[in-house]
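Biologist: Please pick one part of this model and take me through it closely. Keep it connected, and spell out your cut-offs as you go.

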Amino acid sequence: MSSEQSDQQSASQSCSSHMMKTTKRGRPYLKDTLDLFATLIVSLQLTTHKQYFRTFANSFTTDEAAHNLASLKFSQSNRGPDPRDKSRIVTTTTTTTFSMTRDMAKAMCQHFMDARLIENAADQGSNVFKDRGTYVLTPKGLHVLERFISKNGINSDHLQPVFASQPICIKLLHLERRAADDEIIVTQSVITALFRRFVGRQANYPAPHSAPLDPFQEYQERSKGIQLSNVQDKSNIPGKGIVTHKYCFLAVNALEWLCDFTSVVGREEAAEMAAQFVRFGLITLVSDKRKNNDSAIIFTVRGSAPGGNSPVSPHGEFRCTAKAIYKITEEGKRIAQWDESTPSPVSSTANLHGDRASLDSAAVETGSKSGAEAAVNAADAKIHRRISMAEKLHASYEAGEKKGNVKSNMDRLNYILEEPSYRGLFRDFLKANFCEENLAFWLDVEDFKRKFNTTSSAQATAPARGSRSTPGQVAMERHHEALIQTALQIYHKYLAPSSQHELNIDHGLRLDLAGYLGEVITNLHGQSFDGQVNPSHFNATQLQMLIKLYSRIQTHVLRLMATDSLPKVRARILLFAMLLTCRI
């Protein structure tokens, strides 16, 4: 593995190589695994491939992955002030080269499969990376890829069809790890947070569907939490006959869920987390009806127990067999903090070894009513869902005020902007009131500033011989041109006279911006500034100055939203909450 650095003043090169760190289990550290995975995907051209008389869009083959991993270059360029001259901007480019044999590349791809980042397109149930296979990204893999692209400022235009056509994991639970050995840090608070995500906000009893679900719908249903059902089994108490166990799930389904929706890197780690659920008294074994000659993999974890009446045990074991069934305990339901309105499972039961057809009471009630009445109820449900989001936002304000964390409208606004779900709700409100341009400008400038600071590229081919430019330098030149286009697009969209979404900003700010652009254009072309800016050879220092001006305007529109738009939102929320309480 080698790296080389260069900046605008002088070009210097340094090389070093080292083996990728591995854990005691023999797998690479999680961060290295995710970075190498994302670098590989960015370097690939995900196209349509055929296998077994079927076509798979946005896929890649074993040969393509092995070829790229044989010589994979990742270049990252960072901008910053020159230590010798703070008024100038320098660019530092670091190029990392991964090199491995075909067998090593296949072993690395197997780690990607174990971590549920990719899956076999033709056989999604297969957990083995095959020598001749076609593979696609999983929703978890897309989540990791999106974070990597956003963090490193990579141009991902060639990946947009993938993001647009496949479901992506929105809420991936990242588990903290020890730096020394990359093992998950296990504490009661960590297990509690993981378990609440595992079981969801409400018991996830899947409702029946007349038509098969598409991949987006199916993934959305699974993301709500592990899917549950009722199981009938013989009682261990003599004379009691058949008993019904509620809130049950298959052990293998639990492992799949943990691999898909958390940062665990394989079934071993998933089984250890499930064994911790058993140790903390959150789930318990219902039955394991495997045959005597069937092999069983049992994971056991140990830890300290507080003693007394605590449900925590000194050890817990989880059976990873196809027939093992677990259920959520009373302690688990208490920790889950399910709402009192959580629909309880209906009396009809389901066998987890066959088709699961559990219904929740709400679904049964809706199905028994007339079409007109059901339509009214459906409309009511939409209204209640919308109001509940508003109430949730209001509750967040109130909770923050009680804790002393939220003291002003500016604090509340910053909190909303940091939370994607609340930010979307706020944007919908602004759009309805025809003042969305302030928030849109703020978001566009934030994205522009992030792209200015860092840019990266990944490719599997070496630069042409005789070329003095490294891949990182070429990528930075291309990126610099795109930055100029973005800066001018922001100006023409929000700040130019009579622009489509012209902002209502302070006159002094507008004069400062016009004065700076006039100075740049006059120096470049010797012409006076007429309010319109065309693409020109802006250097990095000029772009940074433009960012500073945009940041000042950002502060202005942020203050405007905090003092004008946010109070209107809060008043609307309080009105909705009052109407809901009064049932008007």
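Modeller: D182 has a relative accessibility of 7%, so D182 counts as buried (under 20% relative accessible area is buried, over 50% exposed, in between partly exposed, with a 1.4 Å probe and protein chains only). The model is predicted, so local features need pLDDT of at least 70 and side-chain atom pairs pLDDT 80 or more, while totals for chains, interfaces and linings use all residues. Residues are numbered from 1 along each chain as its sequence is written, and side-chain values use heavy atoms, without hydrogens or water.

D182 sits in the loop between α5 (160–165) and α6. Helices here are DSSP runs of H or I, at least four residues; strands are runs of E, at least two; both are numbered from the N terminus. The phi of D182 is near 65 degrees, which is positive, and D182 is not a glycine. Most residues other than glycine have a negative phi.

D181 is partly exposed, at 24% relative accessible area. Setting aside neighbours within four places in sequence, D181 is in contact with T23 and Y29 (contact means heavy atoms within 4.5 Å). D181 and K21 lie 160 residues apart in sequence, yet their C-alpha atoms are 9.7 Å apart.

Now the helix. α6 covers residues 188–199, twelve residues. The expected span is 1.5 Å times one less than the number of residues, which gives 16 Å for α6; the end C-alpha atoms are 16 Å apart, so the two agree. The buried residues of α6 are I191, T192, L194, F195, R197, F198 and V199. Residues three or four places apart point the same way, because an α-helix has 3.6 residues a turn. Just after α6 comes G200, with a positive phi of about 85 degrees.

What does α6 meet in α8? L194, R197 and F198 of α6 meet A254, W257, L258 and F261 of α8. The residues of this contact divide into six nonpolar, no polar and one charged (nonpolar: Ala, Val, Leu, Ile, Met, Phe, Trp, Tyr, Cys and Pro; charged: Asp, Glu, Lys and Arg; polar: the others, Gly among them). α8 spans residues 251–261, and its axis lies 11 Å from that of α6, at an angle of about 110 degrees. Axes are lines fitted to C-alpha atoms, for helices over the stretch in contact, and angles run from 0 to 180 degrees between N-to-C directions. α6 and α8 are therefore roughly perpendicular; that class takes 65 to 115 degrees, with under 35 roughly parallel, over 145 roughly antiparallel and the rest oblique.

Y247 is buried, at 11% relative accessible area. C248 is buried too, at 0% relative accessibility. A search of the whole structure finds zero disulfides (a disulfide is a pair of cysteine sulfur atoms within 2.5 Å).

Last, the wider setting. The chain has 18 helices and 15 strands. Of its 584 residues, 44% are buried. Among contacts with a separation of 6 or more, 68% join residues 24 or more positions apart.
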